[in-house]
Amino acid sequence: MEKKRIVVKIGSSSLTNAKGQIDHEKLLDHVHAVAALREAGHEVLLVSSGAVAAGFARLGYPSRPTTLKGKQAAAAVGQSLLVQSYIAQFSQFDLIPAQILLTRNDFSKQERYKNAYATITELLERGILPIINENDTVSVEELTFGDNDMLSALVSGLVHADQLIILTDINGLYDSNPRKNPLAHKYDFLPEVTDDLFQSAEGAGTKVGTGGMKSKLMAAKTAISLGVQVFIGLGKGSQKLLDIIQGDGDGTYIGKEGLASINNSRQWIAFHSEVSGTIFVDQGAEDALLYNGKSLLPAGVYDVKGSFEKCDVVEVIGPNGLLGKGEVLFSSTELKKFMGKRSEEFSKDEVLSSNVVIHRNKWVKA
Ligand SMILES: Nc1ncnc2c1ncn2[C@@H]1O[C@H](COP(=O)(O)OP(=O)(O)O)[C@@H](O)[C@H]1O
Ligand SMILES: N[C@@H](CCC(=O)OP(=O)(O)O)C(=O)O
């Protein structure tokens, strides 16, 4: 069988009980299934939720806390308990877990993003099992990934995974919430995530889950745009993940075969970068960028807003609105001087390291 790289996301509801304790039977079931995937030769990364859910009871909370400091304190306690359990259980399969806690900032700063990629790749090459969670204890509310569904989608793009498996407490996406509507119909396969699907998806099903099916759909949409196929559902026993990758899982498969993988520079520009300014371009430049796969040259630029440096990310506006984002090779001061000019109009003392404003490899359409 062809070796695959699989990201497995496990939700709080699939690891803990409502009393704020790790459910060791559930955890062990996942451990057996991950070990079987590894045994079959596949690479695995776990994105494990459950820190808050596993920690709150020990802090004396009767249920999952709602305040930021309550959640952060619970996560600090629960994360250690979770990883302790994983280390103990994986050791019987000679698998060594590595804890990776990420914040939004680790993705939005390009250097940190590249570093996260390098470290995870090194761990995988050495046969280690990365166990990833959000660094809840230090994340500021506005900077979080939203939830671990989105984190798992971004991680699956980062590592160019073959598949993202989102394990939850329900066997897939239904056309309405099956906990409320017994006649709800399950989707076995969805070629893509269309906007109308969001109407059928509601919030979390239990007191420990956070995002519900809505956030899983958002995550699936993101993963697919990054070239990663998705499965949302459940299973039991050591064969469950092998069954899922072979197409026999109990859930919803999303995305067609052969999705194009997106290189990390483009992923970073599209999903993580902060925009430092705006460039306005004419119709010729719009056609070059959108339809002809060309780089943006100064001749097509007629206005510049904001103050940016070379290698910052800017958004580009054409006559018909937002076109996309890209890494700029001119500072805003330089671009104001050269906009509207053709390369041959640059005088000798104006020779720059590049006459390209945004290279096509560092450009993503809106
Ligand atoms: N259309 C839908 N199809 C399936 N489940 C849905 C739908 N809308 C809402 N849900 C709810 O989403 C829940 C799973 O999300 P969540 O509780 O956040 O789990 P997790 O902890 O695994 O992230 C299900 O238990 C279900 O109640
Ligand atoms: N980082 C949080 C995850 C919160 C979250 O997204 O939970 P879930 O919806 O159960 O995947 C934790 O470990 O508690």
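1. In helix α1, the residues His24, Leu27, Leu28 and Val31 meet Ser85, Gln89 and Phe90 of helix α3. By class, this contact of α1 with α3 holds four nonpolar residues, three polar ones and no charged residue. The model under discussion is a predicted one, and the points below should be read accordingly.

2. Two packed helices are described by the angle between their axes and the distance between the axes. For α1 (residues 24–39) and α3 (residues 68–91), the angle is about 50° and the axes lie 10 Å apart. Angles under 35 degrees count as roughly parallel and 65 to 115 as roughly perpendicular; α1 and α3 are therefore oblique to each other. The crossing in which α1 passes α3 is right-handed.

3. Which residues make up the contact of α6 with α7? From α6 come Asp149, Met150, Ser152, Ala153, Leu154, Ser156 and Gly157, and these meet Ser215, Lys216, Met218, Ala219, Thr222 and Ala223 in α7. Six residues of this contact are nonpolar, five are polar and two are charged.

4. Eleven of its eleven residues are buried, so α6 is largely enclosed by the rest of the structure. The buried residues of α6 include Asn148, Asp149 and Ser152 as well as Leu151, Val155 and Leu158.

5. Just after α6, His160 takes a positive phi of about 55°. Most residues other than glycine have a negative phi, and His160 is a residue other than glycine. His160 sits in the loop between α6 (148–158) and β5 (163–167). Is His160 buried, exposed or partly exposed? A residue counts as buried at 20 or more neighbours and as exposed at 12 or fewer; His160 has 17 C-beta neighbours inside 10 Å and therefore counts as partly exposed.

6. Cys311 also has a positive phi, of about 80°, although it is not a glycine. Its place is the loop between β10 (301–305) and β11 (313–318). Cys311 counts as exposed because it has 12 C-beta neighbours inside 10 Å.

7. Around ligand 2 there are 17 residues, the closest being Ser12, Ser49, Ala51, Val52 and Asp147. The largest share, three residues, comes from α2. By class, the shell around ligand 2 divides into four nonpolar, ten polar and three charged residues.

8. Gly284 belongs to helix α10 (residues 283–290). With 14 other C-beta atoms within 10 Å, Gly284 is partly exposed.

How values were computed. Residues are numbered from 1 along each chain as its sequence is written. Chains are lettered from A and ligands numbered from 1 in the order in which they are written. This is a predicted model: local features need pLDDT of at least 70, side-chain atom pairs count only at pLDDT 80 or more; totals for chains, interfaces and linings use all residues. A residue is near a molecule or strand if its C-beta atom, placed from the backbone, lies within 6 Å of it. Helices (H or I, at least four residues) and strands (E, at least two) are DSSP runs, numbered from the N terminus. Ala, Val, Leu, Ile, Met, Phe, Trp, Tyr, Cys and Pro count as nonpolar, Asp, Glu, Lys and Arg as charged, and the others, Gly among them, as polar. Axes are lines fitted to C-alpha atoms, for helices over the stretch in contact, and angles run from 0 to 180 degrees between N-to-C directions. Angles under 35 degrees count as roughly parallel, over 145 as roughly antiparallel, 65 to 115 as roughly perpendicular and the rest as oblique. A crossing is left-handed if the near helix is turned anticlockwise from the far one by less than a right angle, and right-handed if clockwise. Two residues are in contact if their C-beta atoms, placed from the backbone, lie within 7 Å.
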